[in-house]
Amino acid sequence: LLTAAAVDRQRDGERWRDILCNRDTNDTLHVEAHRRTTDHGRESGYEQVEHGASVALGVRGGHELLTSLSWREVLLKRNPTKLIFADHGHSLKTSVRYQLTRDHRDHYLVPTVGYAWRASVELAAVVGTSASHFIKHVAAAQLNVPTPWFTLSSLLRAAVVVPLHADGHAHIADRCFLGGATSLPGFEPRGVGRVSARDSLG
């Protein structure tokens, strides 16, 4: 049983790598309090500051149940699009997430053979601002095939967010984005998907 507390400053993608590359086969309990500042000014015209806490229970076999509470603030960094302007300011999110991970790679940082996949479902609808009520499904898979000269590696990710309020709007902090070295190499961060003016909308 492992108990930990952390305070960190985190960029997009780091949490994803930690989850996908977790090969620990023991039961774990992870308790975290954090303050995160993430700058999306170049891609989406805002900066996000988040204060939160989470408790995650990991069970051997790749199962994880996580509950979290976070207070987010979206700070505008330039003249925004209408959608991002509507989401600026403070929002409260509480959620419960179940995740299943399977990792059959020879190395979790630089794999040369094997595969890994992860699937999760998150419900954010218990307490919080109405714009942060949603169901989110995320799936990811990686396949590594060795050749005599190099390793062929492929990564597939898919996600869908279903808002649970009348106007059907998903808060900018809860949307799914694609692009960048940690999600789709060869593309700019948040470079794939809907764009309005200069802002990536996910």
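Which residue is the bridge partner of Tyr115 in β6?

**View 1. The whole chain, a predicted model, has three helices and nine strands.** Helices (H or I, at least four residues) and strands (E, at least two) are DSSP runs, numbered from the N terminus. Residues are numbered from 1 along each chain as its sequence is written. In this predicted model, local features need pLDDT of at least 70 and side-chain atom pairs count only at pLDDT 80 or more, whereas totals for chains, interfaces and linings use all residues, and side-chain values use heavy atoms, with hydrogens and water left out.

**View 2. Seven strands form an open sheet with antiparallel pairing.** The order of the strands is β1-β2-β3-β4-β5-β6-β7, where two strands pair if DSSP finds at least two bridges between them. At the edges lie β1 (28-40) and β7, each of which pairs on one side only.

**View 3. β5 and β6 pair in the antiparallel sense.** Eleven bridges join these two strands, and the partner of Tyr115 in β6 is Leu143.

**View 4. A nonpolar patch lies on the surface.** Its members are Tyr115, Trp117, Leu143, Val145, Trp149, Phe150 and Leu152, with about 760 Å² of accessible area together (Shrake-Rupley method, 1.4 Å probe, only the protein chains shown counting as cover). β5 (114-124) and β6 (134-146) each supply at least two residues of the patch, while Leu152 has its place in β7 (residues 151-163).

Key
Patches are made of residues with over 30% relative accessible area and no salt bridge: like charges are joined within 9 Å, nonpolar side chains (Val, Leu, Ile, Met, Phe, Trp, Tyr) within 5 Å. A salt bridge is a side-chain nitrogen of Lys or Arg within 4 Å of a carboxyl oxygen of Asp or Glu.
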